[in-house]
Amino acid sequence: MAPKHDPTSQWRACRTLVYSDSTARHSAAPHGTPARQSGKFEQIALGAGGRRRDAPFGRSQKVTSDEGGWPSDADAQAVQCRLDEDVPFRLAQGLVHADADLDAVAAQVTALVTDDFRRHATTASSEDATMPVVERIGRRQAIPILYTKGTHYEVGFDVGRNFSGIIHSFLAASRSLEEYLSVYETDAGRRAYEDTLAAVKANFPQYIQELQGTADGAKVPFHKLFLLHMDEITPNVAGRAASQATNGCSTVCVNHPGQELLGHTEDALAETLNHVYLVSAHIVSAEPQGRWKVSEEKFTALCYAGHLPGFCMGYNHHGMVFSVNIIKAARLAAGRTPRHFLTRALLAAENFAAAQQVLRDEGCGAGDAVSINMTFLAQEGDRLFHNAEVGPACSDCRSPLSILTCSPGEHIFHCNKYLRLQIPEVGGAIVSSSDARYATYESQKDTTTLNDVIRLLGDQSHPEHTIFREAGDDDYVKTVTVGIFDCVNRTWSIYTDNPKTHDPIVVLPLLLKKPTK
């Protein structure tokens, strides 16, 4: 019989892969199985230049929180981690024979680091240190994925620890965060922050724990990550002028015989390029969590650095597949549920009814606007795709919600403006861009096949507002990835460049929960 898993074990059950057009490397230290040799073993960490840092087995460091209540004592004990305080961003840690040639070990570690990373990486020596902003390195043909299992806090911690370099780099580069921090220092901004944090803690405490874990694992302040999840709620409520710039996405759903597809361009501010990763997580809780009483979650999702899974595109083991389009409503609401947390909660939805319940958010409501494109692989009967438009709950404790269903023989397209809900929007470039992209979609002949979807998502025919966004280093917005879910073959193809001219960087199987007998 296999030994029972000890939840207080210092070795976390996670592993990281990097998908690249030239190589795929598996990083197995410290959470993989080390190469065994005869004789005495001890734990060491290799710092810059292969310097040896002794770290005896008994030593540990307790993770702390800047939010005064997260994580719980049980979670903190479960995630006791052997960190070298002097080298928090060390290159590698593992079990190495006491008499091993450390120069040779260091050479092996260095071989796992790409040339580009070596040129731009740095080793930090304090908790507040940040990675340098990486600029003008071009569109990298690589995307990492983390496989992790544990509690919400543990999974968040693993994400933060494994992707700390990407997270620090993104926070240093983020123009939006700079704005949000300036508003956070005002009375109105701080009040909006505290009201919204209290609402999310009341309804989705498990996702606050998860985000706290990410902050602790990456060694970044929690409030910076939460401000990113509030997005434009903070400046909007504080009376700051709304940005009319566009940073949205395009989604097409095709529902034709043998061609059941959901395709999505993940478009974001240019600094987001090369700052995304995939998280494949299995979360098991001892007690039902949050307002929807969820005990288990299993999903794979594309994430912006430092963000919770769910805000881009992904799927769960119940067979829910979805993508997200932001919408900029003119009036937003603090003390409500930010769309980032609603989309995180969607990763636990078992069916269409549960997804509607999450989006309606009865008793609280959304703080901002969003559009969700979704289907359910395990549903009985004909394939159906749905587009949900969600509005901020400014005058009621529930989100305005409109659903459009795409039946067999149909296809639909959605960008970053309301097509049905009558809610005032910011206007400007995000609306004109959406109109132009929708016109491109309508100008194509019927979009009924995979090749049609690839051609559409890679289209750059419009002189200003293209569907696939890439025009050089000075872009304000870029398409950072493209995803195509094939519901017939149950695959998820992910592209890091234009799908018209490039193959997917990886094709992932859509793995569903086995039905209970």
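S8 and S17 pair up antiparallel over nine bridges, where pairing takes at least two DSSP bridges between two strands. This is a predicted model, in which local features need pLDDT of at least 70, side-chain atom pairs count only at pLDDT 80 or more, and totals for chains, interfaces and linings use all residues. Residues are numbered from 1 along each chain as its sequence is written, and side-chain values use heavy atoms, leaving out hydrogens and water.

**Around strand S17**

- Strands here are DSSP runs (E, at least two residues), numbered from the N terminus, and helices are runs of H or I with at least four.
- S17 (residues 477-486) is mostly covered, with ten of its ten residues buried, meaning under 20% relative accessible area with a 1.4 Å probe, protein chains only.
- S17 also joins S18 (residues 491-495) through five bridges, running antiparallel, and Phe-485 sits opposite Trp-492 in S18.
- The S17 and S18 hairpin has four residues between its strands, and Arg-490 takes a positive phi near 55 degrees there.

**Around His-414**

- His-414 is in strand S16 (residues 410-414), and counts as buried because its relative accessibility is 2%.
- Its side chain makes polar contacts with those of Glu-389 at 2.8 Å and Ser-371 at 3.4 Å; such a contact is a pair of N or O atoms within 3.5 Å, and within protein one must be able to donate a hydrogen and the other to accept it, while residues adjacent in sequence count only if both atoms are side-chain atoms.

Definitions and conventions: Buried < 20%, exposed > 50% of the residue type's maximum accessible area, 1.4 Å probe, protein only.
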